[in-house]
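User: I would like to learn how to read contacts between chains and packing inside them. Can we take the features in turn?

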4 protein chains.
Amino acid sequence: MTLAERYKAVRRRTEDICSYLQTEDYVVQPIADVSPPKWHIGHTTWFFETFILKPYVMGYQDYNPDYNYVFNSYYETVGARVIRTDRGNLSRPTVLDVYRYREYVDEAIYKFLCQEPSPEVEELFILGLNHEEQHQELLYYDIKYILGHNPLFPAYNPQYSSPEITEQEGFINIKEGVYEVGHTGEGFCFDNELNRHKVYLNAYQISTALVTNGEYLEFINSGGYQDFRYWHAEAWDWVKTNDVSAPMYWHQIDGEWHTYTFRGLEPLNLHTSVQHVSFYEAYAYATWKGMRLPSEFEWEVAAAQFNWGKSWEWTESAYLPYPGFSKAPGAIGEYNGKFMVNQKVLRGASEATPPGHSRITYRNFFHPNLRWHFTGIRLAK
Amino acid sequence: MTLAERYKAVRRRTEDICSYLQTEDYVVQPIADVSPPKWHIGHTTWFFETFILKPYVMGYQDYNPDYNYVFNSYYETVGARVIRTDRGNLSRPTVLDVYRYREYVDEAIYKFLCQEPSPEVEELFILGLNHEEQHQELLYYDIKYILGHNPLFPAYNPQYSSPEITEQEGFINIKEGVYEVGHTGEGFCFDNELNRHKVYLNAYQISTALVTNGEYLEFINSGGYQDFRYWHAEAWDWVKTNDVSAPMYWHQIDGEWHTYTFRGLEPLNLHTSVQHVSFYEAYAYATWKGMRLPSEFEWEVAAAQFNWGKSWEWTESAYLPYPGFSKAPGAIGEYNGKFMVNQKVLRGASEATPPGHSRITYRNFFHPNLRWHFTGIRLAK
Amino acid sequence: MTLAERYKAVRRRTEDICSYLQTEDYVVQPIADVSPPKWHIGHTTWFFETFILKPYVMGYQDYNPDYNYVFNSYYETVGARVIRTDRGNLSRPTVLDVYRYREYVDEAIYKFLCQEPSPEVEELFILGLNHEEQHQELLYYDIKYILGHNPLFPAYNPQYSSPEITEQEGFINIKEGVYEVGHTGEGFCFDNELNRHKVYLNAYQISTALVTNGEYLEFINSGGYQDFRYWHAEAWDWVKTNDVSAPMYWHQIDGEWHTYTFRGLEPLNLHTSVQHVSFYEAYAYATWKGMRLPSEFEWEVAAAQFNWGKSWEWTESAYLPYPGFSKAPGAIGEYNGKFMVNQKVLRGASEATPPGHSRITYRNFFHPNLRWHFTGIRLAK
Amino acid sequence: MTLAERYKAVRRRTEDICSYLQTEDYVVQPIADVSPPKWHIGHTTWFFETFILKPYVMGYQDYNPDYNYVFNSYYETVGARVIRTDRGNLSRPTVLDVYRYREYVDEAIYKFLCQEPSPEVEELFILGLNHEEQHQELLYYDIKYILGHNPLFPAYNPQYSSPEITEQEGFINIKEGVYEVGHTGEGFCFDNELNRHKVYLNAYQISTALVTNGEYLEFINSGGYQDFRYWHAEAWDWVKTNDVSAPMYWHQIDGEWHTYTFRGLEPLNLHTSVQHVSFYEAYAYATWKGMRLPSEFEWEVAAAQFNWGKSWEWTESAYLPYPGFSKAPGAIGEYNGKFMVNQKVLRGASEATPPGHSRITYRNFFHPNLRWHFTGIRLAK
């Protein structure tokens with residue numbers, strides 16, 4: 001696949017995800033963590049305009065200079081930005097305007113790609129495409145939140161079906177010793193996966209299957225959300241303050257548990273793996289079960305031996321730099337390093353992850369209280 | 001005009017106001033005081049469905065039972081409602097859905113109006129139409145806020161033109177004595193305009209013209225926003241906390257004052273009357289000028305002697321019940337009485353007020369810190 | 001009584017109020033509205049130092065220049081001040097230091113009063129003494145709050161006894177007409193009681209007795225705190241947000257109602273008048289009863305015909321300036337005018353009011369949600 | 001030393017620390033993280049009463065059953081507790097009451113210790129004494145905050161002198177390899193120091209000296225607080241929101257830097273190590289310097305080769321359980337595990353740490369934004 005073809009495929013996939021939306025769905029931002037879909041459409045476009053077209057295409061004309069202000073996300077280097085919680089207040093640019101902007105930038109990119117780009121530019125392209133894939137995943141999270149918190153519970157796509165992952169129950173034994181972790185080889189990786197380095201692991205066991213809705217329901221029914229002993233102190237405050245008593249999207253209707261899916265509200269399937277739990281809940285569940293969550297290195301070392309990819313898996317590990325980690329200079333360098341405090345690492349991938357986007361060394365990260373993304377629980381001991 | 005014709009005209013006017021909007025403009029809610037335009041469209045429809053169709057039309061089928069939840073405003077009597085600050089998080093029902101709902105209700109109303117309604121029902125109609133006219137005015141406020149706080153400053157209507165009111169500068173003298181205030185006669189009025197009653201007024205003078213942008217600019221330039229002596233204690237906190245230094249929609253660009261109008265951002269016109277000031281600012285201006293704001297009764301007694309209608313005029317009066325005021329029973333009774341604390345009365349009308357909607361006894365009311373509505377300043381002494 | 005004698009008596013009374021306190025009781029500030037007692041001791045002293053000693057005594061040496069910062073209250077004119085909510089964070093100056101400061105200032109004042117002061121200074125003295133009497137009343141409110149919100153419910157004074165007011169149940173009829181209200185005569189009054197002016201009152205009836213605990217309990221037992229129809233919209237939010245279900249200081253222990261008094265926790269006396277209700281509650285009670293609260297003018301016109309003085313009585317009136325009201329220049333002018341928005345007038349006096357401090361034209365004022373002061377309910381219709 | 005002698009010495013030391021305080025200093029709580037000194041006095045007493053006297057002394061009479069409510073800290077197992085932010089609102093029990101309570105419990109303990117306690121009880125004693133030593137350290141932090149944030153800047157003790165630590169500038173080289181970390185041997189340790197386990201470390205260099213005030217001032221003067229590139233994203237928000245521009249207790253007076261010490265406000269000593277920086281600041285300084293903070297294991301492995309003990313040293317490590325960590329059952333088990341999220345490990349000890357309390361495997365932990373404790377910066381690369 002040429003770079004242009006790959007560019008086209010990734011860009012197209014973003015639009016495909018949004019093809020099920022109504023115009024209004026593109027606009028709202030029910031909580032600060034969620035961005036309006038039209039913002040994702042514009043921001044991924046702004047990325048290519050700002051980091052490729054403006055610096056490398058002589059005479060390139062901005063589509064609209066104000067868009068830098070509107071579609072910048074957290075890049076302090078490149079000027080003012082709309083405060084994140086304000087994104088949902090902006091009715092303009094309209095969805096149509098944003099798609100026009102996207103088309104304009106795409107055309108300029110295709111023209112630019114008629115000639116072979118330099119390795120440096122190609123690297124930026126690869127980063128930009130991986131960046132867009134990350135926003136594709138966020139789009140799924142945000143769309144689910146927007147529709148799943150609407151009192152009408154509209155379906156995103158009545159035909160939506162999740163990938164099935166075959167899991168066998170059991171525990172894998174890993175021996176004590178020095179292991180290597182981190183990215184190696186030629187392929188693309190994010191800066192946070194480097195450098196490959198050695199870690200010492202004690203002997204441990206790790207489950208081959210994720211915790212199911214049925215198993216999690218036992219935790220709920222045994223009073224897990226009412227017993228502070230299973231929770232971190234901050235988690236317990238979170239439970240109390242937000243009156244949490246079940247995973248996100250679970251609703252008890254006339255005594256029966258339901259859950260919102262992309263097809264709408266459905267009876268809870270007990271046999272599928274639990275989703276939309278926070279780290280706090282994953283930890284509390286593991287504690288209740290007398291086990292624990294794996295560290296990210298335990299996960300990475302064992303991962304070749306089990307199936308993964310339905311849900312991002314919370315690990316006990318804090319999101320920290322690897323030995324020898326260094327940020328790229330400039331705006332690109334703001335990508336990962338500055339988030340390396342107060343977040344937890346998740347490993348694997350989810351049904352919302354673009355095919356081929358993740359890998360065994362991939363480090364996803366979120367604050368421990370969040371759960372609008374597609375999370376799951378794997379136990380260790 | 002028959003009731004059906006009047007109904008048609010009012011309903012049509014609401015849609016005309018919105019005809020300049022993009023779909024996205026209907027959806028957002030940048031602050032709690034502003035409602036998304038589609039909510040106004042739905043709520044005014046819900047009013048006729050709830051208070052006329054459901055109780056008086058046998059066999060009437062709800063368009064959608066969930067809409068009661070979505071479009072109720074503050075009527076505690078008629079069930080749960082979407083928390084006001086959440087309205088802007090709802091992408092569904094879509095704008096098209098809401099217009100379909102409107103059409104469905106309108107058709108049922110027209111059918112119902114084929115027969116002469118009872119006086120009781122006619123009264124409800126009149127209330128519903130006045131209620132819709134109030135929302136027409138709110139639509140103007142909210143649309144201006146939504147577009148005027150967008151970093152692109154889009155025009156609502158490039159041809160928009162404000163009504164001109166002819167004002168002559170000067171002061172009217174009113175003699176001390178007992179006067180009658182409050183509504184009288186056959187026409188419609190809100191419950192808060194009753195009963196007509198006597199008040200004793202001291203001799204006073206009241207200006208025939210509103211304060212202009214130019215005059216207000218003198219207050220700014222003389223340091224009015226930096227001198228606590230002109231402000232109430234709560235007002236001074238408001239100024240400091242919100243870093244207020246000019247009326248809403250004023251922007252100083254390269255040293256020149258501009259203001260956002262329905263036509264977009266324009267240089268400030270010094271000769272037109274100042275708009276979008278809070279009561280706090282109106283009071284501070286009057287104090288700086290060595291004068292004061294009129295009471296609502298001073299305004300009413302003198303109003304026949306000056307022109308009004310460009311901007312609602314802040315009065316010194318708190319919004320309180322007239323002697324003998326009593327609330328209607330049921331949900332309709334929630335209309336006015338429950339707001340009679342901590343608000344200030346405004347008199348007159350604004351360029352956003354539907355023609356014929358206001359009158360000399362009309363009592364508008366807002367919290368003293370608000371200024372997204374079309375306000376102005378008339379001085380007394 | 002000479003001015004020096006009067007000064008001595010008032011100053012002494014402040015110290016007597018505090019004589020029941022432990023050192024620790026002087027220091028804390030459980031909510032922003034409450035000030036630590038040592039702050040009252042210092043602030044009333046600061047008032048005489050700032051407005052009399054510094055301007056009128058040549059060569060007067062500040063006791064400690066930092067105290068201006070610590071003991072200023074809300075006088076913007078005279079420099080920086082400790083933010084009100086921070087007062088309870090200050091362990092220094094100690095209680096002993098504050099009493100030493102008080103003694104130092106008192107001595108300077110007595111020396112100054114060896115010579116006859118000018119009428120202008122005498123007026124400042126009278127204001128300062130009335131100001132101190134107001135703080136004596138606040139001391140009672142604040143001490144009650146500090147001890148009554150302590151989980152140990154300590155008594156302030158086991159021998160404390162409230163004054164008894166003889167009340168006869170019934171309603172007084174007042175005829176429609178023009179009445180005069182506001183202060184007149186030679187005696188001291190605050191600026192907000194001027195000017196005496198005419199008002200027109202409709203015929204009304206006003207109760208000769210305050211609502212009792214037993215009557216108020218009927219309101220509670222009939223579900224008054226659960227029925228939004230009795231409440232203003234803002235009041236209903238207040239009830240819900242703060243989970244209010246009874247007057248302040250009421251506690252239901254094993255099914256029996258108790259109330260905290262200056263003697264400690266005691267069974268509720270059904271026959272005494274209800275205290276510590278907010279305006280919101282007074283209004284809701286009156287509405288439930290099918291009556292209303294009097295306006296401040298209705299109260300003033302009728303007051304000679306009933307007994308008052310046990311509790312401040314909420315009126316329907318907003319706190320606004322009288323015709324011709326003007327603020328004194330300088331810091332003294334900050335006294336009253338700047339609070340004339342969003343507050344309600346209370347009339348009468350309470351058991352915490354210094355003898356002789358109040359009068360029939362006295363206008364007390366508080367925000368409608370507050371109730372840590374000694375409030376009560378008188379009905380009108 | 002017998003257990004009784006050791007008990008006496010530790011208890012005495014707490015009282016010695018407080019001997020410089022005025023009664024008022026015992027009462028206030030300027031921020032949620034700070035506890036009033038009298039609460040520390042009572043809470044450390046409550047610990048011995050609750051975990052030793054009540055379970056092991058037959059017929060022991062509570063000093064006051066309400067004190068369980070007042071002096072419990074975060075032990076959910078043992079009943080209700082005063083919300084942490086409310087501690088500063090309690091004037092009662094008085095300081096004298098709390099000392100009486102302390103005496104009462106001490107006498108009961110001494111009587112109990114006349115007989116040799118069981119090993120299980122002895123272990124509880126050792127924990128209780130270590131717990132009290134931790135509160136001795138917190139007392140220093142809290143007292144410094146209370147006096148150092150008072151506008152009068154009173155001295156705690158004019159003769160106070162910090163321990164001098166001899167540091168030689170330079171870097172120690174540690175070779176790559178497997179190392180053992182964690183507590184070993186007979187002595188007391190907290191559960192979070194177990195189990196001793198192997199870690200793999202890459203080669204690194206670690207400084208023998210802490211960063212000085214003078215060096216830190218260079219960071220400030222070079223614009224370090226204005227350049228987002230040195231900061232984590234959350235840190236940058238913290239800097240902006242709190243308007244941070246220097247370590248806590250630094251004040252620029254007439255262009256000269258001063259710092260509050262236990263002796264009062266003093267000119268900044270450029271040659272002593274910087275204190276009262278948050279993890280965010282420590283990280284930003286290290287980034288600006290082109291270096292990094294050590295991990296807690298890098299610190300532990302190298303610590304025998306440098307001097308430490310003046311300030312707690314921020315590490316890059318998140319506070320997480322060691323392999324095989326398990327909580328003790330019951331309330332004692334709430335001690336450490338439940339804080340193992342969102343906090344950073346600090347190693348070493350500070351001038352406020354009781355002699356002999358810390359050790360090379362000791363793991364202190366705080367949220368990354370805090371800095372009222374005695375912190376410092378050691379660099380690694």
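User: Through which surface do the copies, chain D and chain C, meet?

Analyst: A note before that: this is a predicted model. Of the interface residues of chain D, 100% are also interface residues in chain C, so the copies meet through the same surface. Chain D gives 27 residues to the contact and chain C gives 27 residues.

User: How is the relation between chain D and chain C described?

Analyst: Two copies of a chain are related by a rotation about an axis and a shift along it. Here, chain D is superposed on chain C by a rotation of 180° with 0.0 Å of shift along the axis, at an RMSD of 0.0 Å. That is the relation of a two-fold axis.

User: Which residue of chain D comes closest to the rotation axis?

Analyst: D:Glu24, with its C-alpha at 3.0 Å from the axis.

User: How much area do chain D and chain C bury between them?

Analyst: The size of an interface is often given as the accessible area lost when the parts come together. For chain D and chain C this is about 2300 Å², with 62% of it on carbon and sulfur atoms. D:Glu24, D:Arg92 and D:Leu152 supply 30% of the area that chain D buries against chain C, more than any other three residues.

User: Which chains do not touch?

Analyst: Chain A and chain C do not touch, and their nearest C-alpha atoms are 14 Å apart. Chain B and chain D do not touch either, again with 14 Å between their nearest C-alpha atoms.

User: Turning to the rings, how many aromatic pairs are there over all chains?

Analyst: The count comes to 208 aromatic pairs. One of them is A:Trp250 with A:Trp257, an edge-to-face pair at 5.4 Å centre to centre and 65° between the planes. Both of these residues are buried.

User: Why is the pair of C:Tyr141 and C:Trp372 edge-to-face?

Analyst: Planes over 60 degrees apart count as edge-to-face. The planes of C:Tyr141 and C:Trp372 stand at 80°, with ring centres 5.9 Å apart, so the pair falls in that class. The pair links distant parts of the chain, 231 residues apart: C:Tyr141 is in helix α5 (residues 119-148) of chain C, and C:Trp372 is in the loop between β10 (364-366) and β11 (375-376). C:Tyr141 and C:Trp372 are both buried.

User: Where does the charged end of A:Arg87 sit?

Analyst: Over the ring of A:Trp39, 3.6 Å from the ring centre. In chain B, B:Arg87 lies over the face of B:Trp39, at 3.6 Å from the ring centre.

User: What covers the buried residues of α6(A)?

Analyst: The buried residues of helix α6 (residues 213-221) of chain A include A:Tyr216, A:Leu217 and A:Phe219. Their cover includes β5 (250-253), β6 (256-261) and α8 (279-288) of chain A. Just after α6(A), A:Gly223 takes a positive phi of about 85°.

Note on methods:
Residues numbered from 1 in each chain as written. Chains lettered and ligands numbered in written order. Predicted model: local features only at pLDDT ≥ 70, side-chain atom pairs only at ≥ 80, totals over all residues. Heavy atoms only, no water. Phe/Tyr/Trp six-rings, centres within 6.5 Å; stacked < 30°, edge-to-face > 60°. Buried < 20%, exposed > 50% of the residue type's maximum accessible area, 1.4 Å probe, protein only. Helix = DSSP H or I, 4+ residues; strand = E, 2+ residues; numbered from the N terminus. Lys NZ or Arg CZ within 6 Å of the ring centre and 35° of its normal. Least-squares fit on C-alpha atoms with pLDDT ≥ 70 in both. Contact = heavy atoms within 4.5 Å. Buried area = accessible area lost by both parts, 1.4 Å probe.
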